[in-house]
Amino acid sequence: MTILKKRKTRAQRSRPFRCPHCGAAMILRPAAEIYRDCQNDRKLYVCHNYPACNTYVAAHPGTNQPMGVPANGDLRNLRIQAHRKFDRIWQTGIMTRENAYRWFADSFGLSLKDAHIGMCSEYRCKELIRLCDEVLARNHRVA
Ligand SMILES: [Zn+2]
């Protein structure tokens, strides 16, 4: 039992981090290699097939843990759109920021710690945009 448990832990730790779009390994690289004008020493997990596969995610400074789920260009744009819509809900005072995140979490059956647009798939981004449009329309705010 103990051996089994140890093996599982080791396997989990060494499990390669894969690109969700093409399945290639994600490689930790300096952000400056991707953003030419990058002045800081931040790092990104970049798809091994970059730039053919334009998928990456930022790494937390210090821990190198990925900040959310890697995204390609289309998903990055969708997350930006979803964030704009979502931010309007609390910026226009329809809900407080805290309540807006609670509403977001409840709408998708997520815990509050998982209610982050940076973790949203394409489907969830589109659903969130649709839900935000409904709330904004009901409150007579331009979406
Ligand atoms: Zn890829």
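User: By class, how many nonpolar, polar and charged residues does the lining of the largest pocket have?

Analyst: Bear in mind that this is a predicted model. The lining has eight nonpolar residues, one polar and two charged. Lining the pocket are Y35, L44, Y56, V57, A58, M67, V69, A71, R76, R79 and G118. Arg counts as charged, so R76 and R79 go in that class. Gly counts as polar, so G118 goes there.

User: Which elements give two or more residues to that lining?

Analyst: Those are β3 (56-58) and α2 (73-91). The biggest giver is β3, with three residues. The volume of this pocket is about 220 Å³.

User: How do you know that the largest pocket lies between domain 1 and domain 2?

Analyst: You look at who supplies the lining. Domain 1 (15-70) gives residues to it and domain 2 (73-138) does too, so the pocket lies between them.

User: On to the metal. What are the protein donors of the zinc ion?

Analyst: They are the SG atoms of C19, C22, C47 and C53, lying 2.3 Å from the zinc. Along the sequence, the donor residues follow the spacing C-x2-C-x24-C-x5-C.

User: What makes the arrangement around the zinc ion tetrahedral?

Analyst: The angles do. With four donors, all angles have to lie between 85 and 135 degrees. Here the donor atoms subtend 96 to 117 degrees, so the arrangement is tetrahedral.

User: Is C19 buried or exposed, and what about C22?

Analyst: Buried means under 20% relative accessible area, and C19 has 4%, so C19 is buried. C22 has 38%, which falls between the 20% and 50% limits, so C22 is partly exposed. Across the protein, buried residues make up 31% of the 143 residues.

User: Why is L75 called buried?

Analyst: L75 has 6% relative accessibility and the limit is under 20%, so L75 counts as buried. L75 is in helix α2.

User: What makes I117 buried?

Analyst: The relative accessible area of I117 is 3%, again set against a limit of under 20%, so I117 is buried. You'll find I117 in the loop between α3 (97-107) and α4 (122-138). I117 and F86 are 31 residues apart in sequence, and their C-alpha atoms are separated by 9.2 Å.

User: Why is N64 called partly exposed?

Analyst: At 26% relative accessibility, N64 sits between 20% and 50%, so N64 counts as partly exposed. N64 is in the loop between β3 and α2. Its phi is near 60 degrees, a positive value in a residue other than glycine. Most residues other than glycine have a negative phi.

User: What is the peptide bond from Y50 to P51, cis or trans?

Analyst: That bond is cis, with omega near 5 degrees. P51 is in the loop between β2 (43-47) and β3. Most peptide bonds are trans.

User: How many helices and strands does the protein come to, and in what order do the elements run?

Analyst: There are four helices and three strands. Starting at the N terminus, the order is α-β-β-β-α-α-α.

Note on methods:
Residues are numbered from 1 along each chain as its sequence is written. This is a predicted model: local features need pLDDT of at least 70, side-chain atom pairs count only at pLDDT 80 or more; totals for chains, interfaces and linings use all residues. Side-chain values use heavy atoms; hydrogens and water are left out. Donors are N, O and S atoms within 2.8 Å of the metal (3.2 Å for Na, K and Ca); water is not among the atoms, so sites may look incomplete. Four donors count as tetrahedral if all angles lie between 85 and 135 degrees; four count as square planar and six as octahedral if opposite donors are over 155 degrees apart and all others between 65 and 115; anything else is irregular. Buried means under 20% relative accessible area, exposed over 50%, partly exposed in between (1.4 Å probe, protein chains only). On a 1 Å grid over the protein atoms alone, a cavity is a set of points where a 1.4 Å probe fits but cannot get out, and a pocket is an open set with protein on both sides within 12 Å along at least five of seven lines; lining residues have an atom within 4 Å of a point. Grid points are joined across faces, edges and corners, and a volume is the space filled by probe spheres set on the points. Domain bounds come from an automatic or database domain assignment.
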